[in-house]
Amino acid sequence: MIKEIYSIGGMSCASCAASTERVTRALPGVAESSVNLATQRMTVRYDPEKIGADAIIDAIQGIGFTAELLSRDGEKTRKEKPQEALSGEIGLVGITAALLLSGVLLYISMGPMLFSNITIPDFIDVNTHPVNYAMAQMLLTIPVLFIGRKYFVSGFRSLYHRIPNMDSLVAISCSSSFLYSLVMTFLITDTPHHVHHLYYESAAVVLTFVMLGKYLESGSKEKTKGAIRKLMELAPDTALLVRDGALTEVPSDTLQKGDVVLVRPGAKFPADGLVTEGEGSVDESMLTGESIPVDKEPGSQVIGGSLNGNGALYVSIARTGEDTTLAKIIRFVEDAQEKKAPIAKIADRIAGVFVPAVIFIAVAAALLWIFLGKDLSFALRIFTAVLVIACPCALGLATPTAIIVGTGLGAGNGILIRSGEALEVTHSVDVVVLDKTGTVTEGKPRVTERKALGIDEDELLALAALAENLSDHPLAKAVVEEAEARELSSAMEVTEFTNVTGKGIRAKLGYGGDLLVGNLKLLSEAGIDTSPVEPFAQALSEKGQSVMYVSLSDTLCGAIGVADTVKSTSIQAIAAFQEMGLATVLLTGDNQAAAAHIGRVVGADRVLAEVLPEEKAHVIETLQEEGHIVLMVGDGINDAPALVQADVGCAIGSGSDIAIESADIVLIKSDLYDVIRAVNLSRLTIGNIKQNLFWAFFYNCVGIPIAAGLLYPVNGMLLSPMLAGFAMAASSIFVVSNALRLRTKNLDRPVRNRSPKKRSKEKSV
């Protein structure tokens with residue numbers, strides 16, 4: 001099976017999207033087809049041995065739309081044009097002209113009826129020159145219909161292909177009003193009273209409102225894609241290539257792995273690489289959401305698209321093109337925006353039958369009123385109002401616009417969400433399982449406590465670092481890094497060095513003294529009494545920390561505690577989980593003492609220690625069987641099976657590529673609080689989608705019966721087609737504008753789930 005993405009042209013509403021999905025799903029070999037109205041894209045997964053891209057394109061063109069292949073299995077087949085979604089839309093000049101003509105038409109047709117003191121030129125006065133009055137309205141209407149001709153072409157073409165859409169409703173209603181008025185115009189010379197049965201203004205004003213609404217909607221939809229556009233704009237077009245000591249400005253897309261480029265202060269990095277020369281600070285906020293600049297020095301990694309704040313840096317290019325971090329982030333976000341959330345299926349099912357149902361209701365309502373004794377003019381007004389007020393656009397835009405804005409907001413905060421389904425499921429999780437090492441903790445040991453005898457603690461640390469400096473053991477590195485951070489050093493010199501496997505370091509100093517740094521077994525074998533620091537060592541051991549004893553010339557100097565320390569945001573994050581109503585489980589392969597201590601420090605609800613890598617997925621499965629919806633957070637290769645098993649897998653950005661590929665959510669920063677932000681983002685987005693769907697359903701459920709004349713027998717209320725057109729345009733704009741509100745939300749504030757979902761079984765964590 002292969003996956004392809006197509007750009008679809010000519011779609012105007014959810015009915016168009018539903019028809020495209022229905023036709024492509026019926027093709028042989030097609031396993032999945034999903035159309036996103038907001039992005040005008042279709043994602044298809046099919047068997048290439050049974051069907052090809054040409055056949056899929058032919059099928060789409062056969063129902064009146066255009067299709068162009070954009071990418072196959074993640075590889076782009078062509079470069080997209082900017083603002084392609086707006087192509088074919090009526091521009092500002094056309095909208096302005098239609099508004100002016102419709103305004104004059106309303107003045108002539110409705111002005112005298114609403115205001116008695118309005119002055120109308122005598123040669124088009126309704127009483128003295130009724131034919132001229134009708135002709136003036138007709139001449140004002142025809143240019144408006146010409147400006148909006150795309151709706152007639154699209155609408156009647158869709159009817160011809162038996163897939164009526166929103167354009168069909170507009171085309172039928174406006175054509176009916178115009179043709180009826182045209183017939184009345186020719187009959188005025190015989191029966192002047194027909195001058196009061198003109199509906200030119202309905203045709204022109206309805207079409208103008210539709211065009212204006214679509215224009216504003218298109219602008220708003222483009223704003224929803226702002227996150228992707230900003231990411232694309234991050235990569236600079238050119239780079240300064242260093243070759244044979246000379247600088248050459250070259251296009252960034254021509255760089256190759258191993259090239260060295262100079263990035264001056266204020267310039268952006270053209271691709272991922274390693275700093276080979278220079279020091280400075282780099283702003284990575286657009287990629288990670290972290291506002292504080294990151295210091296860089298030789299050997300530091302830099303991300304393409306980040307901004308060099310100060311200091312000229314020479315960078316060796318490590319990744320280019322589609323392999324760069326920025327390209328992967330863009331592809332990740334694009335994929336998420338293409339995939340539908342399960343909640344969208346509600347609107348899709350309704351959209352498939354919506355327009356035919358509306359046409360049926362409009363015809364039935366018109367015939368019913370004629371049967372009840374009303375004239376053709378009254379029935380036409382009902383028919384037009386029902387067709388115009390119906391709005392499948394709002395249904396089609398309710399879900400994708402919110403997902404586009406939500407995933408874009410996440411990307412701007414360093415949170416990458418793989419699909420709409422992952423975004424939806426995340427809002428209902430009730431248990432968060434946290435891998436300990438590298439997720440809750442820093443993932444590498446650090447010096448935590450020191451106990452010195454006869455010397456001060458800095459001298460103790462300097463002595464230990466003197467011996468450990470020649471070892472590559474993680475505990476040794478922790479001691480050396482702590483000494484370097486404190487700028488500690490010893491005047492003594494190591495002349496002999498022996499690494500005693502499983503015990504520690506034995507070194508001989510320049511003056512002949514023996515220096516031992518290691519565990520209890522190493523010092524016991526040397527006959528050194530460690531009892532003076534045993535209470536200290538025992539306390540550390542109970543916390544799961546490693547104890548390193550230090551002795552010089554057969555004299556105990558003290559002990560140093562080394563442990564994997566908790567990240568600064570972990571305690572805050574777990575407290576926020578609990579505030580949001582989520583239970584937390586700490587999962588680790590470490591010993592029970594270390595795990596229990598970290599669990600107490602961070603406040604986890606449950607600690608599962610000494611769990612083998614292959615058992616982690618089973619733990620997740622057990623929680624799911626107990627009725628929980630589980631979010632798993634991890635960073636290592638051994639977390640990959642658990643990430644896949646979980647309802648939502650979340651990978652810390654500093655983790656392995658395998659963990660990231662297995663996850664539904666990727667956090668670019670190694671900050672556990674970003675999991676809070678991801679859950680908040682999901683809850684806010686799903687809440688926004690529910691608001692949009694409620695508005696779209698409520699609007700149509702209330703609007704269509706009123707337009708059909710439901711209230712006319714009660715209070716004489718009859719909806720004007722012009723007001724119906726305004727309401728239809730307003731509904732789509734409301735849905736898109738409501739989605740845009742997500743961009744203003746604060747993801748740091750915990751959001752409780754108002755409608756939590758559970759599995760069939762319910763048990764406490």
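Colleague: Before we count anything in this predicted model, what makes a stretch of the chain a helix or a strand here?

Modeller: Helices are DSSP runs of at least four residues in state H or I, and strands are runs of at least two in state E, numbered from the N terminus. Counted in that way, the protein chain has 27 helices and 27 strands.

Colleague: How do you know which residues Val-550 touches?

Modeller: A contact needs heavy atoms within 4.5 Å, and, leaving aside residues up to four places away in sequence, the partners of Val-550 include Leu-460, Leu-463, Leu-515, Val-517, Cys-557 and Ile-560. Leu-460 is 90 residues away from Val-550 along the chain, yet their C-alpha atoms are separated by 7.5 Å.

Colleague: How do you know that the span of helix 6 is close to the one expected?

Modeller: The expected span is 1.5 Å times one less than the number of residues; for helix 6, residues 166–187, this expectation is given as 32 Å, and the helix reaches 32 Å from its first C-alpha to its last, so the description as close to the expected span holds.

Key. Residues numbered from 1 in each chain as written. Predicted model: local features only at pLDDT ≥ 70, side-chain atom pairs only at ≥ 80, totals over all residues. Heavy atoms only, no water.
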